[in-house]
Amino acid sequence: MLAAQEREVPPEVDREALDRVVVIANGKGGVGKTTVASNMSGLAAADDIKTLLVDVNGQGHVGRELGFRGGELDDGGAALHESVLWGRPLVPVRDVRPNLDVVVGGKKVGDLPGDLALRFPNKPITQSLMLAVALQSIAPDYDLVVIDSPPENPPLVQLCLAAARWLVVPVKSDSGSISDGLGDISTEFELVREFSNPNLAMLGVLLFASGSSATAIQREVRQEVAEVLGSDRFMFESMVRASEAVARQARKRGVLLHELEQAANDNPKFWQLRAGTASRDQVVSPTSASVSEDMAALTREIFSRIAQREAESEMA
Ligand SMILES: Nc1ncnc2c1ncn2[C@@H]1O[C@H](COP(=O)(O)OP(=O)(O)OP(=O)(O)O)[C@@H](O)[C@H]1O
Ligand SMILES: [Mg+2]
């Protein structure tokens, strides 16, 4: 086995083509990866930035965020599976929103690690590079590519990390998500950097679904993150406040947060509710404006940090 691994000649990857690829990852589930990936992509697209969102998830939750799950655009990840397995260009669904194309995830994505292991036995580096290979020919068509990664699936997470330039890690304030989740993703990060993708860099860590006024908790999170990563320079200032009501309404309607905020402008008036000509179900939570602004501020901070880091590496 060792001899076979020594003989492995991994495929060439054009790292310049993948220079604007951001992966959202954390070893743990339910920490906001899909929410951040989808909303950040949607906000960028709404700002005229040509964006590709790649859903490397067996659950296909991106389709729920954007409202196409189960519809005719939803192939359950079959196209993504095919492209990655055979190293062919990814086939996105065009214009899910203006300027936003999506490579659709779903159940079939879960077969990839096993199928890649069969196709490339004893070639772990090649296996981990196949998403990068499938992405590199279409990535230059976009100003930004965002990858939403799955929880608790190291081979799929490695595929995602091996295709990206920047890593963004959402965490929740419970210590499990920081010590375990961030710890796990740091281990994958180091492995991928060493064997598959030396270009990958940590961009930052963000606090997701936080009680917005809990500053003591925020300080503790900052400290824990600094302990795991060995530096406090990675924490983003912006965070996304907790609101289950807003999250539920957005997913139920299949809209992004800024779209939900817009829908709040059309909320029925109280007299319509009283007269029974409109129902309470149609009322969008007023908190949607604050959560939407949190997401916009976070997205701006992510983009300005990328610009800053790019400028630093040009000077170096
Ligand atoms: N601002 C918010 N406050 C509270 N809950 C939220 C907020 N935004 C989203 N949620 C909810 O938190 C849950 C987890 O979010 P999300 O699906 O983005 O996490 P994830 O890390 O992608 O999860 P998974 O690991 O299962 O893919 C979802 O049910 C989502 O609706
Ligand atoms: Mg998710």
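Here are some notes on the ligand shell and helix packing in this predicted model.

1. Let's start with the ligand. Ligand 1 is surrounded by 18 residues, and the closest are Gly 29, Lys 33, Thr 34, Thr 35 and Ala 247. If you sort the shell by class, you get 8 nonpolar, 7 polar and 3 charged residues.

2. Which helices each supply at least two residues of that shell? Look at α2, spanning 33-46, and α10, spanning 244-253. The biggest giver is α10, which puts 4 residues into the shell around ligand 1.

3. On the α2 side the contact uses Asn 39, Met 40, Leu 43 and Ala 44, while α13 brings Met 295, Ala 296, Thr 299 and Ile 302. By class, this contact of α2 with α13 has 6 nonpolar and 2 polar residues, with no charged ones.

4. An α-helix has 3.6 residues a turn, so residues three or four places apart point the same way.

5. Next up is the other partner of α13. Helix α11 (residues 257-264) and helix α13 (residues 288-315) have axes that come within 8 Å and cross at roughly 150 degrees. Anything over 145 counts as roughly antiparallel, which is why α11 gets that description relative to α13. As for handedness, α11 passes α13 in a left-handed crossing.

6. Who touches whom there? From α11 come Leu 257, His 258, Leu 260, Glu 261 and Ala 264, and they meet Ser 288, Ala 289, Val 291, Ser 292, Met 295 and Ala 296 in α13.

7. Finally, a look at helix α4, residues 78-86. Which of its residues are buried? They are Leu 80, His 81, Ser 83 and Val 84. The buried residues of α4 pack against β4 (100-103), α5 (112-119) and α6 (124-136). After α4 comes Gly 87, with a positive phi near 65 degrees.

Definitions and conventions:
Residues numbered from 1 in each chain as written. Chains lettered and ligands numbered in written order. Predicted model: local features only at pLDDT ≥ 70, side-chain atom pairs only at ≥ 80, totals over all residues. Near = placed C-beta within 6 Å. Nonpolar A, V, L, I, M, F, W, Y, C, P; charged D, E, K, R; others polar. Axes fitted to C-alpha atoms, helices over the stretch in contact; angles between N-to-C directions. Parallel < 35°, antiparallel > 145°, perpendicular 65-115°, else oblique. Left-handed = near helix turned anticlockwise from the far one by under 90°. Contact = placed C-beta atoms within 7 Å. Buried ≥ 20, exposed ≤ 12 C-beta atoms within 10 Å, placed from the backbone.
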